[in-house]
Amino acid sequence: MKIAVAGAAGRMGQMLVREIARTEGCTLAGALEGAGNNAIGREAGEVAGVGTSHRSLKGVKIVADASAALANADAVIDFTVPAATVEHARTAADKGVAMVIGTTGLDPQQTAAVQEAAKK
């Protein structure tokens, strides 16, 4: 399974990257962070402490463009902030990418927007 991680430089995102590296049959398809994050352009494996040459991470760099991060993914795991999660849900729906959300604190409108995206 090809998995993208939204929030890849955060605590949970780094843990997810490490777990993808350890899990047989999984590869990192993309790594996403908010614009301006100091991890943009760095390899996700380096940020997560796994290194830059791990076979399942394939040198994936952290980007701020959700569409690019999800381009080759089967699924995305999102641990970001509510507003970003809503946008990522829309992008995932448009690309036909499954989504797992670990973000907390969505308000009723944001929850409704995610539920609408999930209909795709």
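Helices (H or I, at least four residues) and strands (E, at least two) are DSSP runs, numbered from the N terminus. What follows is a predicted model, where local features need pLDDT of at least 70 and side-chain atom pairs count only at pLDDT 80 or more, while totals for chains, interfaces and linings use all residues. Residues are numbered from 1 along each chain as its sequence is written, and side-chain values use heavy atoms, with hydrogens and water left out.

**Nonpolar cores**

- A nonpolar core is a set of buried Ala, Val, Leu, Ile, Met, Phe, Trp, Tyr and Cys residues joined through side-chain atoms within 4.5 Å; buried means under 20% relative accessible area, exposed over 50%, and partly exposed in between (1.4 Å probe, protein chains only).
- The largest such core has 19 residues, and Val5, Val17, Ile20, Leu28 and Ile62 have the most contacts inside it.
- Two or more residues each come from strand 1 (2–6), helix 1 (11–22), strand 2 (27–32) and helix 2 (44–48).
- Helix 1 gives the most, with four residues.
- A second, separate core of 11 residues includes Ala29, Ala66, Leu70 and Ala92.

**Salt bridges**

- The structure holds five salt bridges (a side-chain nitrogen of Lys or Arg within 4 Å of a carboxyl oxygen of Asp or Glu).
- In one of them, arginine 22 pairs with glutamate 19, with the closest N and O atoms 2.6 Å apart.
- These two residues are three apart in helix 1, so about one helical turn separates them.
- Arginine 22 is exposed at 58% relative accessible area, whereas glutamate 19 is partly exposed at 32%.
- Aspartate 94 forms a salt bridge with lysine 120, the closest N and O atoms being 2.8 Å apart.
- Aspartate 94 lies in helix 4 (residues 82–95) and lysine 120 in the segment after helix 5 (108–118), so this pair ties together parts 26 residues apart in sequence.
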